[in-house]
Amino acid sequence: MTSDVTARTYMIVGPEPQWWYRDLISCLQATFGTLVARAGADPLAVLGAGWRFLHLPGDVRSEEFYYPCLPDASGGTDLGAALAPHHELHARWWQPADEDDVWREMRASLADDRSVIAAVDNFHLPFRPAYGDVHAAHLVIVYGLDEVRGLVHVSDAMPPAFRGAVPIEAFLRSWGSANPTDVQDAFFSDSRIGRRCLDVRLDAPPPPLTPELLGGFLRTDVEGFTTAGPDRTGLAGFDAFAAELVDRCRAGDAGALRELYPFGWGMQAQASLHGELLRRCGHEWGDPELAGAGRAVEAVAHAWTGLRITGAHGLDDASAAAADIAHHTTVLRGTYARAVDAVGAVAARL
């Protein structure tokens, strides 16, 4: 290999990224989980430790990886902190600074042995089932760049799952796609990709998870659910979200259902991971009440399925779907209430 080839080929050190996936999560949690695992931490213990409800009116984007984030003290948003509020996980979006050299930042990250999460449009990626057919915003991990042979090495844990090289031109089309409106995917198209990337850092290794540590997490989360604040958080925030959703449906506003699907996926995924973590800890620690609380939180995740799918099927006639949407929001509200009570009871003695 010549020195020129060495200078233009970048690959993380060690084995390729290992996939991390759960049925109810999206590419957002899958990519973060993969990077957390590579950092030597347990993805479920990091991404499943926190559980919150947050809805930001007017903020929802038509992307599989949308997740609500409140601005921090700097005025920016930290997606890592939103996904893992009890750990030192941080992530910020960036875009290439130089249109004449869009790989500069990617080279620097890979040379520093750090993979990058990149936003892409599935339409242009040969390994995605939507290739050449459906536009949809998605996330993959870039773990290598070979400018000599014209290849980008990507990892995607979402089914059908892929890990390997794709032609650099295909990746560039996907990474820079306008992701135009696509009638075949009303929920994840019509959102410009814009060569966005995420720089993800786990600044401190998580301490061993003990009942005392988990108890502190749970008490913080329960307080968040039961204390009204200035934003749409907790149970009061859910009530405001649900009432607005039903009112907009009754008014025939299909946009409410178009937003429901991507927004609900984030809330569903977080509940799923939190419930699984509590259930796992309950079994490992011989604490059936904790395991039961985990199952109660998982019921929240599954109740989101009914609401999201009902919304998807009602997209052509929102007013006709209003009654069913109202029913599923009531069901979901009940699961939230029972889960918060169950988690609160456990948190009080851990």
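Which residues in H8 meet which residues in H11? The views below start there. This is a predicted model, in which local features need pLDDT of at least 70 and side-chain atom pairs count only at pLDDT 80 or more, while totals for chains, interfaces and linings use all residues. Residues are numbered from 1 along each chain as its sequence is written, and side-chain values use heavy atoms, with hydrogens and water left out.

**View 1. Helix H8 (residues 234-250) beside helix H11 (residues 318-347).** The axes, lines fitted to C-alpha atoms over the stretch in contact, come within 8 Å and cross at roughly 170 degrees. That makes H8 roughly antiparallel to H11 (an angle over 145 degrees). From H8, Leu 235, Phe 238, Asp 239, Ala 242, Leu 245, Val 246, Cys 249 and Arg 250 take part, meeting Ala 318, Ser 319, Ala 322, Ile 325, Ala 326, Thr 329, Leu 332, Arg 333, Tyr 336, Ala 337 and Val 340 of H11; contact means heavy atoms within 4.5 Å.

**View 2. Helix H7 (residues 211-226) packing with helix H9 (residues 254-284).** Here the angle is about 145 degrees and the axes lie 13 Å apart. Leu 214, Leu 218 and Asp 221 of H7 make the contact with His 274, Leu 278 and Cys 281 of H9.

**View 3. The buried side of helix H5 (residues 104-111).** Glu 105, Met 106, Arg 107, Ser 109 and Leu 110 are buried (under 20% relative accessible area, with a 1.4 Å probe and protein chains only). Elements packed against the buried residues of H5 include strand S4 (116-121) and helix H6 (168-175). Just after H5, look for Asp 113, with a positive phi of about 65 degrees.

Terms used. Buried < 20%, exposed > 50% of the residue type's maximum accessible area, 1.4 Å probe, protein only. Helix = DSSP H or I, 4+ residues; strand = E, 2+ residues; numbered from the N terminus. Axes fitted to C-alpha atoms, helices over the stretch in contact; angles between N-to-C directions. Parallel < 35°, antiparallel > 145°, perpendicular 65-115°, else oblique.
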